[in-house]
Amino acid sequence: MKPIIAITPEVDENAVTRLNNTYIKAIEIAGGIPFVIPYTASEETISALLDACDGAVFSGGADVDPKRYGEEAKDTCGKIQYLRDELEFTALKIALEKNKPILAI
């Protein structure tokens, strides 16, 4: 059976999600089944979604809000997607608790 791999998408300020198809194709070429995690703030939902997956890819993109690591944003800081941070930090915590393999880009 092919492994199911969760992928985190971009999440804008309106909770619209998008993902470059390159991530999907790469997982398929590697023999996996890609699954894009929808935006949700529910830990219960994210946990259930990750239960159904064999691993996760954090696709990378916008800068993480510097406040998450105790800093203030500088002029060199790029675009921040606060809802994406919320989704990814929650998914990361849960994936680590579940000992899921993670690839973070």
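Start by selecting Ala-15: at 31% relative accessibility, it counts as partly exposed, where buried means under 20% relative accessible area, exposed over 50%, and partly exposed in between (1.4 Å probe, protein chains only). You'll find Ala-15 in the loop between strand E2 (10-11) and strand E3 (17-18). Helices (H or I, at least four residues) and strands (E, at least two) are DSSP runs, numbered from the N terminus. Check the backbone too: Ala-15 isn't a glycine, yet its phi is positive, about 65 degrees. Most residues other than glycine have a negative phi.

A quick word on what you're looking at: this is a predicted model, where local features need pLDDT of at least 70, side-chain atom pairs count only at pLDDT 80 or more, and totals for chains, interfaces and linings use all residues. Residues are numbered from 1 along each chain as its sequence is written, and side-chain values use heavy atoms, leaving out hydrogens and water.

Next, hop to Asn-99, in the loop between H3 and strand E6 (102-104). Asn-99 has a positive phi as well, near 55 degrees. Is Asn-99 buried or exposed? With 69% relative accessibility, Asn-99 counts as exposed.

Of its 13 residues, select Ala-6, Ile-37, Ile-46, Leu-50, Ala-56, Leu-87 and Ala-91, which touch the most other members. Helix H2 (43-51), strand E5 (55-58) and helix H3 (82-97) supply at least two core residues each, and H3 gives the largest share, 4 residues.

Last stop, Ala-91: leaving aside neighbours within four places in sequence, Ala-91 is in contact (heavy atoms within 4.5 Å) with Ile-46, Leu-50 and Phe-58.

Key. A nonpolar core is a set of buried Ala, Val, Leu, Ile, Met, Phe, Trp, Tyr and Cys residues joined through side-chain atoms within 4.5 Å.
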